[in-house]
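Colleague: Could we take a close look at one part of this model, namely the aromatic rings and what surrounds them? Please go through it carefully, in one connected answer.

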Amino acid sequence: MQIRLTLELRCSVTVVSDGSVVRAVLTPPVDTDGFKLRFSSLQGCNPLAQTGRSKLQKKRAVLNQQIIKQMRIRAGAENLLKATSNNKVKEMVLLELSFVNSDLQLLMGQLDALNSSVDVYQSKQETVNIPLIALGLKETKEVDFSAPFKDFIMEHYNEDSRKFEDEIADLMDLREACRTPSRSEAGVELLEKYYNHLPMIESRFFAPTNQTGIFFTWYDSFTGVPVCQQNLSLEKASILFNMAALFSQIGTRSNRQTTAGLEEAISSFQKASGILNYLKETFTHTPSFDMGPAMLSMLIRLMLAQAQECLFEKSVLPGTRNKFNAMIKVAQEAAKVAEVYDQVHQCMIQTQLKDNVPLFWSTMTQVKTNHYCSMAHYFVAVALLDHQLGPKDDEDHQEKTFSQVYDQFPEGWTPLDVLKQTELRRRLGKAHIRKSTSGHEEALRIFDMCPNLNNHDVLRDILKTSHYHSLDKYTEFENEEEFTDYMEAPNILSKTERKAEMETPSTSKVKVKDFFHRLGPLTVFSAKQHWTPPRTVRLCPEGRDLGFTLKGGSPVQVVSLDPLCVAAVNGLKEGDYIVAVGDTECKWMGMTQVMRLLKDVDEEGIDIQVVSMLDANPSMPAKSATFSGNLPKTYSMICLAHDDEDKNPKTRKVAKKSSFLSWGLKNKVKSTSTVSLPTADYSGSLPWNKHPPSFPSSSAYNSES
């Protein structure tokens with residue numbers, strides 16, 4: 001794709017982009033004439049693509065806006081109805097409400113139709129496979145971080161917010177790109193990248209006690225109802241949902257005519273179920289219907305059922321040998337697919353879900369349940385009718401295999417009797433073929449009852465072909481004298497060699513660097529911490545002794561401060577963090593690097609900048625919970641004991657300690673010749689290149705709401 005951007009300010013730029021978002025920002029430099037053009041490219045999205053999937057998402061976005069408009073009108077009418085006592089006004093409002101509710105039902109029907117458009121997500125090579133169901137992406141509104149983040153940087157971090165305009169723009173570009181991810185691994189990585197940035201953004205700007213004024217709005221993918229929150233819980237949960245949706249779309253797009261394509265589909269559906277399960281267990285109070293516990297449980301089952309279906313297709317892809325044991329094995333694999341789809345269907349028709357789950361989905365699972373159950377009976381019938389136990393066959397092996405087909409054999413029959421007696425095999429085989437035929441007829445009946453299935457010719461052809469094979473097999477063994485034989489075929493036990501299981505993808509491969517890295521280490525410079533504005537302290541060594549030692553990683557902290565040294569007199573305090581030495585910023589410097597900057601300070605001295613941490617709750621003692629038998633909780637305040645020395649700080653004697661700059665100096669006085677080497681205490685620091693934990697190993701968000 002080639003995009004030509006023409007700028008009226010004396011320049012023309014041609015940008016070549018393949019599946020990426022391009023942002024061009026024109027900014028005048030400070031020192032020179034002319035302008036500078038900055039580009040930012042994000043791989044994994046293509047907002048200009050006119051694919052069927054992108055058109056579907058645009059229709060979804062338009063429907064969401066229409067739904068929220070009608071909901072606002074309805075809310076206003078309901079408020080007016082409560083407030084007025086005029087009967088004529090009430091009649092007019094009730095009439096208006098009837099129109100609004102009718103419009104909402106029509107819009108919900110259109111959204112249901114979009115969720116039923118499974119053909120858009122299928123592979124182009126799909127011609128003989130049953131369609132699979134993909135989740136649609138949740139839509140969101142654009143968020144402007146600029147003004148709130150700039151204000152927070154100025155007020156909380158005491159930094160010039162203009163220096164972080166590029167970082168804020170990059171964050172907004174990343175979020176905007178996540179609204180149109182490409183249906184590929186690059187699209188998934190784009191969502192993972194933004195998701196991994198969110199914990200750092202939360203630590204930087206979202207304090208527990210203060211609201212930033214940023215509202216995150218996401219629309220329910222099933223009802224179109226908007227949900228809005230000021231914290232990042234909804235943002236994280238929605239990104240996870242879209243990651244699962246994208247994996248489901250990759251699974252449906254896979255070419256199921258090849259082994260590699262089926263493996264890709266299996267893995268994608270298992271990853272989708274793993275993400276949905278993580279979402280269900282982590283974000284337990286998300287106020288959105290599509291991310292409620294009941295809905296997520298159903299979606300997890302749906303993804304695993306589709307993975308199991310692909311596993312069955314993989315087992316029969318090379319063809320199945322027309323042998324007794326092979327037929328029984330395929331029959332039980334088909335019964336397993338029917339079983340998991342029946343469980344999905346039972347979840348869909350629950351009271352809390354059935355009104356909002358698309359009718360197409362519920363019908364599709366019911367059709368597949370009947371279809372695969374009929375296939376299982378068909379394969380058992382073929383095994384019984386086409387094969388006889390011969391002298392060269394392994395009788396014990398066939399008996400063991402056949403004994404595991406049913407939970408209960410017909411009364412008076414044994415597996416060995418059926419295998420040896422032709423008449424019993426024939427009767428049982430015909431019973432299975434009759435059940436297979438009636439099951440396919442039921443699947444076709446359900447198919448014809450759903451209006452959204454009328455356009456799915458591939459599915460209709462598959463059902464009709466399967467029904468024809470069952471009828472053809474029954475015709476081969478039809479006997480008019482046996483019309484009174486109404487033997488019922490036993491249910492087939494499901495069995496599989498490979499069960500579909502949840503697979504939670506790891507995001508550790510997507511490495512991210514904090515956009516606001518320059519603000520300093522998150523262990524100190526976060527929204528939860530409070531500190532004084534940077535202040536300048538003049539250091540003047542006294543015989544290479546600055547009067548203090550350092551500890552910690554980055555930033556380094558002042559310890560063992562001599563209250564009589566020049567630095568203390570100039571305002572340095574024990575526990576201060578050094579953020580700059582001279583003109584060199586050292587928020588991210590370790591102790592060794594800061595020591596190098598300070599060791600060559602001459603007699604004139606040098607200015608450093610330090611900050612002091614403030615206690616967030618200095619006057620609130622801790623609480624402890626006390627339990628007594630079966631009585632309710634009681635709370636008591638902990639009385640903190642104070643040392644006598646703390647009560648009289650003026651009388652406390654301070655012993656002067658040698659600083660780190662006096663290591664190499666020999667002291668002739670024996671009493672002061674022993675110097676303890678300072679140690680770097682990294683227990684409270686986090687290396688700059690250590691990323692926050694990402695799912696599923698993260699335990700920091702288990703209490704997210």
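**Aromatic contacts**

Modeller: In this predicted model, the charged end of Lys587 sits over the ring of Phe525, at 5.0 Å from the ring centre. Phe525 in turn belongs to one aromatic cluster, whose members include Phe145, Phe149, Phe152, Tyr157 and Phe164 as well as Phe205, Phe516 and Trp531. The structure as a whole holds 20 aromatic pairs. In one of them, the ring centres of Phe205 and Phe516 lie 4.8 Å apart with their planes at 80°, and because planes over 60 degrees apart count as edge-to-face, the pair is assigned to that class. This pair links distant parts of the chain, since Phe205 belongs to helix 5 (residues 185–205), whereas Phe516 lies in the loop between helix 15 (457–476) and strand 7 (530–531), and the two are 311 residues apart. Phe205 has a relative accessible area of 0% and is therefore buried, and Phe516, likewise at 0% relative accessibility, counts as buried.

Another edge-to-face pair is formed by Tyr406 and Phe409, with 5.0 Å from centre to centre and 80° between the planes. Tyr406 is buried, with a relative accessible area of 4%, and Phe409, at 15%, is also buried, because the cut-off for that class is under 20% relative accessible area.

A further contact between a lysine and a ring involves Lys138, which lies over the face of Phe241 at 5.7 Å from the ring centre.

Methods. Residues numbered from 1 in each chain as written. Predicted model: local features only at pLDDT ≥ 70, side-chain atom pairs only at ≥ 80, totals over all residues. Heavy atoms only, no water. Phe/Tyr/Trp six-rings, centres within 6.5 Å; stacked < 30°, edge-to-face > 60°. Helix = DSSP H or I, 4+ residues; strand = E, 2+ residues; numbered from the N terminus. Buried < 20%, exposed > 50% of the residue type's maximum accessible area, 1.4 Å probe, protein only. Lys NZ or Arg CZ within 6 Å of the ring centre and 35° of its normal.
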